[in-house]
Amino acid sequence: MPEPYDVITMGRIGVDLYPLDIGVPLARVETFGKFLGGSPTNVAVAAARLGRRTAVITRTGRDAFGEYLHQELRGFGVDDRWVTEVEEYPTPVTFCEIFPPDDFPLHFYRQPKAPDLEIHPPELDLDAVRDAQIFWMTGTGLSAEPSRAATLAALQARSASARSGSARTESPAPEFRTATVFDLDWRPMFWDGGDHSSVAPARYREALAHATVAVGNIDECEIATGEREPHAAARALLAAGVELAVVKQGPKGVLAVHRDGSTADVEPLPVEVVNGLGAGDAFGGALCHGLLAGWDIARIMRYANAAGAIVASRIACSSAMPFPDEVERALAEGAVTEAIAAGPSGAAS
């Protein structure tokens, strides 16, 4: 049997086309950079950059952009064996505009349907999902069928395995299975009804019952729980079934509350923001890394904050994910300096 993965993520993938002209409206941008994108895919990249063995479950179109994404995944050290093609739909493309420090509009091209929403339950390698130390899924995966059924099948396999102590005789001991993470990932444009979707809260609650960790910003927590106050949102997430609730508060930092009563309220690391997109994915990859390392929640949150801040100091997302020495340097210096933002090559990523 193959060695279990440290992290398996599931969900969105696409090509990000980011302007190389900062502070310019999309209609006037002349040059773009092309990057691997999609939140759960970026989380897998971020964890791989930190030395973890990762894979992603997703789908692309049968086209040149799909080939590009396979190439990038392999280059980042992410296993692409469960990245399959869909004949009917093109690989999604996402454009963004960059207006630092806090305005980064996204323009998704996922019509008539994105291939990553065409993941079918029978296609899942549930043994690998059960055995992974961390399984990471997102709210977007619940927005349409058959992705919703597949996501719930994976979650149910994880929770059933945890209840039984071992899914199969070959499975690792339960203590090595660290977390089932629900990235709340609220993208209203992917849901019928948008911000007023009547089905999203119920689908979020259904998934929370199988997760052990929930991660989201204030808006995402409100969709999942109806609460916007950070501590109330964290308590509601714990009541919904998770063991660790992580509430991201942007410039106010991050709040983490564990079922055992431990709490961490961590301020953000100072950074000159270039592009805030992808910072949350770097945070997610670093969160996985810290959970796997067995750190206390305060240390995990500080490390994840630093990883996110580094990506916010760079234009790209996937290729901007930091290496361990960069995160440690930012923590030691107490800020993301220009030298750290420039990256190992000496040029901004």
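Strand 11, residues 213-217, is mostly covered, with four of its five residues buried. The model is predicted. Strand 11 pairs in the parallel sense with strand 10 and also in the parallel sense with strand 12.

**Strand pairing around strand 11**

- Strand 10, residues 179-183, pairs with strand 11 over three bridges.
- Across this pairing, Val181 stands opposite Val213 of strand 11.
- Between strand 10 and strand 11 the chain passes through helix 5, residues 200-208. This β-α-β crossover is right-handed.
- Strand 12, residues 244-248, pairs with strand 11 over five bridges.
- Val215 has Val246 in strand 12 as its bridge partner.

- Tyr5 lies in the segment before strand 1 (7-10), while Trp82 lies in the loop between strand 5 (78-79) and strand 6 (83-86).
- The pair thus links distant parts of the chain, 77 residues apart.
- Tyr5 and Trp82 are both buried.

- Trp186 belongs to the loop between strand 10 and helix 5, and Tyr204 to helix 5 itself. The two residues are 18 residues apart, and their pair links distant parts of the chain.
- Trp186 has a relative accessible area of 10%, so this residue is buried, the cut-off being under 20%.
- Tyr204 has a relative accessible area of 0% and is therefore buried by that criterion.
- Ring pairs join Trp186 and Tyr204 with Phe182 and Trp191 in a cluster.

**Charges over rings**

- Lys34 lies over the face of Tyr68, 4.3 Å from the ring centre.
- Arg110 has its charged end over the ring of Phe190, at 4.6 Å from the centre of that ring.

Conventions:
Residues are numbered from 1 along each chain as its sequence is written. This is a predicted model: local features need pLDDT of at least 70, side-chain atom pairs count only at pLDDT 80 or more; totals for chains, interfaces and linings use all residues. Side-chain values use heavy atoms; hydrogens and water are left out. Buried means under 20% relative accessible area, exposed over 50%, partly exposed in between (1.4 Å probe, protein chains only). Two strands pair if DSSP finds at least two bridges between them. A crossover is right-handed if, with the strands pointing away from the viewer, the path from the first strand over the helix to the second runs clockwise. Rings of Phe, Tyr and Trp (its six-membered ring) pair if their centres lie within 6.5 Å; planes under 30 degrees apart count as stacked, over 60 as edge-to-face and the rest as tilted. A charge sits over a ring if NZ of Lys or CZ of Arg is within 6 Å of the ring centre and within 35 degrees of the ring normal.
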